[in-house]
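Have your viewer open and follow along.

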Amino acid sequence: MPPTRTRERERSQRAILEAAEELFAESGFDRVSLAEIGEAAGVSRGLPAYFFNDKANLYRTVIDHAAQHLRERVGDALAPDAAPSPAAAVERLVTVYLDYLAANPRIVRLLQWEFLQPSGGRLSDAPEILFGYAVEALREAFAGAEKVDVDVRELVLSLVGMCLFPFMVPAVAGETKSTPWDSTRVAARRQHIVDLLLGGMKGNR
């Protein structure tokens with residue numbers, strides 16, 4: 001395929017994924033059509049089906065791309081040379097989750113729609129796979145440390161819950177249009193979560 005056509009194809013695919021993320025986040029999977037996605041992307045109404053076959057596969061691709069992006073950040077944060085201690089590993093993981101959620105409100109909304117589905121009706125297992133990856137990455141980060149007495153899976157479950165819930169229910173966290181999540185509020189939330197998690201770990205220092 002000539003380079004120009006390849007670039008056009010890639011641009012069209014990116015536009016479709018961007019439009020799909022926005023519409024799925026706004027209305028959920030059931031209330032969005034491939035034709036609407038094509039129109040929002042500025043491409044022909046049939047192009048989303050041409051690239052992604054059907055709506056379910058396009059939806060999975062949107063979720064999987066978001067999960068892969070976050071997985072890469074988790075991997076970088078918990079690399080052996082990035083987190084010299086269990087405390088540093090926990091703080092870096094909290095930072096990754098909070099920064100990602102603050103920067104990607106549409107992904108938060110997508111997760112809300114996704115978690116409303118019954119377990120048999122879920123279209124993507126990417127969130128569960130990402131959770132498992134974070135658990136294993138944190139276990140590896142703890143592996144060389146002494147006197148760390150903590151259930152890592154429960155620790156990550158608490159970490160994700162404390163990071164995600166305030167973005168899913170912004171009114172509970174005191175967020176309004178006049179007081180959005182900014183760097184100061186994210187930093188304060190990060191410190192609060194880190195203090196709670198480290199306080200519950202034995203031998204984490």
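For residue classes, Ala, Val, Leu, Ile, Met, Phe, Trp, Tyr, Cys and Pro count as nonpolar, Asp, Glu, Lys and Arg as charged, and the others, Gly among them, as polar. The model is predicted, so local features need pLDDT of at least 70, side-chain atom pairs count only at pLDDT 80 or more, and totals for chains, interfaces and linings use all residues. Residues are numbered from 1 along each chain as its sequence is written, and side-chain values use heavy atoms, with hydrogens and water left out.

**Exercise 1.** Work out which residues line the second largest pocket and how they divide by class.

*Solution.* 
- Step 1: a pocket is an open set of points on a 1 Å grid over the protein atoms alone, where a 1.4 Å probe fits, with protein on both sides within 12 Å along at least five of seven lines; lining residues have an atom within 4 Å of a point.
- Step 2: the lining consists of Arg14, Leu17, Glu18, Glu21, Thr61, Val62, His65, Ala66, His69, Tyr100, Asn104 and Ile107.
- Step 3: sorted by class, these give five nonpolar, four polar and three charged residues.

**Exercise 2.** Describe the lining of the largest pocket by class and by position.

*Solution.* 
- Step 1: the classes come to 17 nonpolar, one polar and two charged residues.
- Step 2: of the 20 lining residues, Leu111, Phe115, Pro127, Leu130 and Val160 are the closest to the centre of this largest pocket.

**Exercise 3.** Is Asn53 buried or exposed, and what is its phi?

*Solution.* 
- Step 1: Asn53 has 61% relative accessibility, so it counts as exposed (over 50%; buried is under 20%, partly exposed in between, with a 1.4 Å probe and protein chains only).
- Step 2: phi of Asn53 is near 75°, a positive value in a residue other than glycine.
- Step 3: most residues other than glycine have a negative phi.
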